[in-house]
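Hello,

Here is the structure I promised to pass on to you. Please have a look at it first, and then read my notes below.

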Amino acid sequence: MNISYNWLKEYISLDHSPEELADILTNIGLEVEGIESIESISGGLQGCVIGEVIACETHPGADKLSIAKVDIGKKNLSNIVCGAPNIRKGQKVVVATPGTTLYKGTESITIQRTKIRGVISEGMICAEDELGLGDSHEGIMVVDQSARKGMPAADYFKVQSDTIFEIGLTPNRIDSASHFGVARDLAAYLGLKGVVNLKRPDDEGFYQDNDDLIINIQIKNTEACRRYAGVTISGVHVQESPQWLKTRLLSIGQSPINNVVDITNFILHELGQPLHAFNADQIAGRKVIVRTMKEGTEFISLDGNSHTLSQEDLIICNAESGMCIAGIIGGIGSSVTGDTKNVFLESAWFNPVYIRRSAKRHGLNTEASFRFERGADPEITVLTLKRAATLIREIAGGRISSPVIDVYPEPFKHAVVTIRYKNFDRLIGKKINPQTIKKILDSLEIKIIKEEKHGLILSVPPFRVDVNREADVIEEVLRLYGYNNVEFDENIHAVLSHISKPDKEKVTNTVSDYLVANSFNEIITNSLTKEVYYKDNPLAITLNNPLSNDLNRMRTTLFYGGMETIVHNINRQRSNLRLFEIGNCYSYSGHSKNKNILDNYSEKEHLALFITGTRSEINWIEPATQSSFYQLKAYIENIFSKCGIKQEELESDESSTDYISEGLALKKYGRMLAEYGLVNKKWLEYFDLKSKVYYGYIDWTYLLSLIGRQTITYRDLPRFPEVRRDLSMVLEKNIRFEDIRKLAMQTEKNNLINVILFDVYEGEKIEKGKKSYAISFVLQDRNKTLTDSQIEKIIQNLSTAFEKHFNAQIRKS
């Protein structure tokens, strides 16, 4: 939001520098994100002066050029070559002296002392478009003879300088979404330090001229519109706005349109109340009806776009059709144009929920919807209407041809809030004198209804939309008291706290550190995602009021965000990626029999891993090797190892998720713990990825619960050596190494401590449909050294088990 310093001073006397005022605004909750100095004319006409043409003759080297002797108030006359056909002796003109920069739109030119066709030219006599004062370039600009020679052009044309504050307005501070709103907040703050006069905009100049054009008003949906007021002005002349009005709007980045529309925009930025002007002659039946329309009704807005209305959209209608999407945008058929003679002016209070939903539904974001979505002040509805009508009569002519018709079925009540002084002390952390609290409340226009021994009962005005609880009032008081005035307590307070086991943060940081040490980068993606990913997924949660159509689902997986990140990086020449994310995933079950609706939803934390490209960057030591399934498998198994999860206790099967085409699913106690593998080809094509991507996830919430069940035991390091024996066997291709490892562990429970697969062979030397495994078995007895006979017996038992269960052909190594 842009705020003009000059405009601000219309309502409050200020002698602070822009920098000082920016600090004050930030301290009272209106954070200034930028300060910009502007002029009503680009460049401020710096270096331009008024001059008098003393002599003028034709250039000897060019018939269309003239050589002028110009008096610009200095000792010597300036010699200037000019190509304008209208230059004459005795004229008062505007001269850009050497070194002056002139601006024309986004382009600029710096005037130099130069030689033109052999004659020195010491500046330039300017046309009005070169000065930024108009569009004409037919000749030089001639000013009034009363202008003093040497006078700065900025003084003659009364160039105004201004400072613009860019304020990052938070949603709860809509009360300050206008120049008067900011001035009111400044007055509240500065008034605590002395007397400050706040000039409030008024409607004293309003009076009714006649009853020639009365438009009746009817509100059919009083939930969506609780107040609607209107007045008509007849015989207006729609034309360009006066300079002061255009200057006000241009200073804050608003483009002037015509005097009527500009006045409504002026009131919007002055008082924060959106207004809308209708062409009264287009209001069929001389009736305005505030209602909803049939589902599917077509509506064409001011910008020429067609919108299909919902039955929940609030529409301002005449007796026959819709004229405006309430609080958002007007319709093309009832807009004010250069031919408009009669105007109906609207001022209303619309329900923020209705406006927000309609704005999001139609993808519209206007100055009006911005304010109505956050809550307008119902008590200035008529004030702003009268003020705008008065300005239209003064600027555009015409007569106010109806009384103000104000339909207000159920007036707003001020919020009543009870506060306790002890809660000020508790929440702020400092004891504030009750008299100081009362003074701040008075400056905030929060009235004290009743004083009690330990607190106050307050009446909060409706313009403070977000203040309706005790904590809100305390926040408002602290905002003006000053956060910086709350000192730090020098005492140190400590308590013993119980930390649940496992320590979630510690485990998460340990695993994150491990991944980062292995060249992974952590990513954080949006938990809101696209509808297209979940259109056939009944578990996906749909948002009723999404931020945009692309962010209307809550994610059930981290997969899509990770894939989007991979695409983003590959498009920027980063193809070797290792990414991980720990984040919440959400789903809907809808099967809970409990009354609590939240039981139908679940929120779980997942850990996702993504690998693509080569295992390492290109170097001279080793050749480039592509990432593989086994690389991802090793990372996941190492994570389990760090968390105390034993691989042999997990149930494994082929992954069945849609995202993975070749992979594994790991379960514990029958519940899915992790899945990982090669990303399905259809998703690679969807994201337009040429290289393979390996993806895996771990149910982090479930993993943490498993860690909590683990019993940790300690024992001495073994004193006796381990022994390794190898077996080579030929098996059916469908037999997995995991099956062999589990059978080996079941067969030799006492002395077998590890099983390692170190070679796999499939080829011509092996019977079709079979494969060869070379496996190492690591044996150890913790109480004694194993003898050769014991070792041979163990290996024989293992061989027999493999032959029996897998029909393996054993070849000892």
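The largest cavity is lined by Asn172, Arg173, Asp175, Arg464, Val465, Asp466, Val467, Asp472, Glu475 and Glu476. A cavity here is a set of points, on a 1 Å grid over the protein atoms alone, where a 1.4 Å probe fits but cannot get out, and lining residues have an atom within 4 Å of a point. Its volume is about 90 Å³, a volume being the space filled by probe spheres set on the points, with grid points joined across faces, edges and corners. By class, this lining has 7 charged, 2 nonpolar and 1 polar residues; Ala, Val, Leu, Ile, Met, Phe, Trp, Tyr, Cys and Pro count as nonpolar, Asp, Glu, Lys and Arg as charged, and the others, Gly among them, as polar.

Before you read on, please note that this is a predicted model, in which local features need pLDDT of at least 70 and side-chain atom pairs count only at pLDDT 80 or more, while totals for chains, interfaces and linings use all residues. Residues are numbered from 1 along each chain as its sequence is written, and side-chain values use heavy atoms, with hydrogens and water left out.

In total, the structure holds 3 cavities of 30 Å³ or more. The second largest cavity contains about 40 Å³ of space, and its lining includes Thr525, Asn526, Tyr534 and Arg555. That lining divides into 5 polar, 3 nonpolar and 1 charged residues.

Then there are the pockets (a pocket is an open set of points with protein on both sides within 12 Å along at least five of seven lines). The second largest pocket has a volume of about 750 Å³. Of its 27 lining residues, Asn537, Leu539, Thr556, Thr557 and Tyr659 lie nearest its centre. The elements giving two or more residues to this lining are β33 (577-588), β34 (601-612), β37 (671-679), α17 (681-686) and β38 (693-699); helices (H or I, at least four residues) and strands (E, at least two) are DSSP runs, numbered from the N terminus. The lining of this pocket has 13 nonpolar, 7 polar and 7 charged residues.

On to the packing. The largest nonpolar core has 76 residues, and Leu25, Leu186, Leu345 and Leu441 touch the most other members. Such a core is a set of buried Ala, Val, Leu, Ile, Met, Phe, Trp, Tyr and Cys residues joined through side-chain atoms within 4.5 Å, where buried means under 20% relative accessible area (1.4 Å probe, protein chains only). Apart from this core lies another, of 36 residues, with Leu213, Ile215, Phe299 and Tyr354 among them. Leaving out residues up to four places away in sequence, Leu186 touches Leu8, Ile12, Leu14, Leu21, Ile24, Leu25, Ile28 and Gly191, contact meaning heavy atoms within 4.5 Å.

Lastly, the strands, which pair if DSSP finds at least two bridges between them. An open sheet of 5 strands with mixed pairing has the order β14-β17-β20-β21-β22. Its edge strands, β14 (216-219) and β22 (329-330), each pair on one side only. Strand β21 (residues 322-325) pairs antiparallel with β22 over 2 bridges, and Ile325 has Ile329 as its bridge partner in β22. Elsewhere, β35 (residues 651-654) and β36 (residues 660-668) run antiparallel, joined by 4 bridges, and a hairpin connects β35 to β36 through 5 residues. Glu651 has Lys667 as its bridge partner in β36.

Best wishes

Terms used:
Buried means under 20% relative accessible area, exposed over 50%, partly exposed in between (1.4 Å probe, protein chains only).
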